[in-house]
Amino acid sequence: MKFGIIVFPGSNCDHDCYHAVKHVFGQEAEYVWHKTTSLDGFDCVILPGGFSYGDYLRTGAIASFSPVMNEVVSFAKKGGLVMGICNGFQILTEAGLLPGVLMRNKGLKFICEHTHLRVENNGSRFTSRYSGGQVVDIPIAHADGNYYADPETIARLEGEGRVAFRYSTPDGIVSDAANPNGSISNIAGILNEKGNVLGMMPHPERALEGELGSLDGRGVFESILGRLR
Amino acid sequence: MRAKVYVTLKKGVLDPQGKAVMGAGSIGFDEVKDVRVGKFMEVELTGLAGSRREEAPRDMREAPANTVIENYRIERGNLSLRKV
């Protein structure tokens, strides 16, 4: 598979994503500068974490107006796989590819720590490698990860099984104590209607190698690669 | 022409920053009951000054606020164009 990793001014997890795809999984990977106007030939596009445009105005807001985002939107509409991690998730909501918004963390602080996530939907193209209800250890690193959407949107996401991951205890209990940032219903990652766009605040690309303390992010990439469980 | 853009959080949306400002700002001021933090932008306009909002480029229409959580109001001169 060929992965495109979009690079905005201020992206800083682009190299991590490139390393993940190219070196950990041995796939084709290419950086895609944000002024690019074609995504021809890519099977999956990753919007990496970082602080695009210094988080000015709102996180992800200015990046969502980059030329490449028109291409990302048509790529997604054609069924291409799009994954936004952290700042990438924020950009996808600003671009309208995913509903809701990532607000400032409830505690106002930047949080960089390992979190436990419960896999809520293991039927998607990004999570099929996990078992349903499995608890995985994937780190977060953000100041604006507090997922918010109006009650109707939340009900629709829940009803359609579009919540991919939820912050939980290591035992899989979804509670306020396990919620690092104030996200509604402990939501850590969501899918679009067609299931070909995933946005998540935790960083699966930082949980692929033993040296980094967890291998649990592998499931996301292995699911994309379509490996059988 | 100069436009003024006011962005405020919608009612009911939690504003942790406002809460923090209240915590710091209200020391010794019991009268402060709540603080909500918003944004104010000044935009210099050329050419578009006379056009209707619908004809403005997408960036101008959608950039100032995320309407999931924010309201915004634009003032041009003495004319208030939009109140959400």
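Me: Why does Cys17(A) count as buried?
Reply: This is a predicted model, and every label rests on its coordinates. Buried means under 20% relative accessible area. Cys17(A) has 0% relative accessibility, so it counts as buried.

Me: What makes Cys86(A) buried?
Reply: The cut-off is again under 20%. Cys86(A) has a relative accessible area of 5%, so it is buried.

Me: How do you know that the structure holds zero disulfides?
Reply: A disulfide needs two cysteine sulfur atoms within 2.5 Å. No pair qualifies over all chains: the count is zero. For Cys17(A), the nearest cysteine sulfur is that of Cys13(A), 6.5 Å away. For Cys86(A), the nearest is also that of Cys13(A), at 6.5 Å.

Me: What makes S2 and S7 of chain A edge strands?
Reply: Start with the order. The nine strands of chain A form an open sheet, S2-S1-S3-S4-S11-S10-S9-S6-S7, with mixed pairing. Strand S2 (28–33) and strand S7 (135–142) each have a single partner strand, so one side of each is left without a neighbour in the sheet. The twist averages 25° from one strand to the next.

Me: How do you know that S6(A) pairs with S7(A)?
Reply: Pairing takes at least two bridges. S6(A) and S7(A) share eight, in the antiparallel sense.

Me: What joins strand S6 to strand S9 in chain A?
Reply: Four bridges join S6 (residues 111–119) to S9 (residues 163–168), and the two strands run antiparallel. With a threshold of at least two bridges, they count as paired. Val119(A) stands opposite Phe165(A) in S9(A). His116(A) stands opposite Ser168(A) in S9(A).

Me: Which strands does helix H1 of chain A lie across?
Reply: H1 (residues 14–24) lies across S1, S2, S3 and S4 of chain A. Its direction is about 160° to S2(A).

Me: Why is H3(A) called largely enclosed?
Reply: Eight of its eight residues are buried, so the rest of the structure largely encloses H3(A). Among them are Phe89(A), Ile91(A) and Leu92(A), along with Gln90(A) and Glu94(A). H3 (residues 87–94) lies across S3, S4, S10 and S11 of chain A, at about 120° to S4(A). Gly96(A) follows H3(A), with a positive phi near 85°.

Me: What makes Val45(A) buried, and which residues is Val45(A) in contact with?
Reply: Val45(A) is in strand S3 of chain A. Its relative accessibility is 0%, so Val45(A) counts as buried. Leaving aside neighbours within four places in sequence, its contacts include Gly4(A), Ile6(A), Phe75(A) and Met83(A).

Me: What makes the pair Arg58(A) and Glu70(B) a salt bridge?
Reply: The rule asks for a side-chain nitrogen of Lys or Arg within 4 Å of a carboxyl oxygen of Asp or Glu. The N to O distance between Arg58(A) and Glu70(B) is 4.0 Å, and the pair is listed as a salt bridge. The rule finds one across the interface of chain A and chain B.

Me: What area do chain A and chain B bury between them?
Reply: About 1300 Å², with 66% of it on carbon and sulfur atoms. The contact takes 13 residues from chain A and 18 residues from chain B. Leu57(A), Arg58(A) and Phe65(A) supply 42% of the area that chain A buries against chain B, more than any other three residues.

Key. Residues numbered from 1 in each chain as written. Chains lettered and ligands numbered in written order. Predicted model: local features only at pLDDT ≥ 70, side-chain atom pairs only at ≥ 80, totals over all residues. Heavy atoms only, no water. Axes fitted to C-alpha atoms, helices over the stretch in contact; angles between N-to-C directions. Contact = heavy atoms within 4.5 Å. Buried < 20%, exposed > 50% of the residue type's maximum accessible area, 1.4 Å probe, protein only. Buried area = accessible area lost by both parts, 1.4 Å probe.
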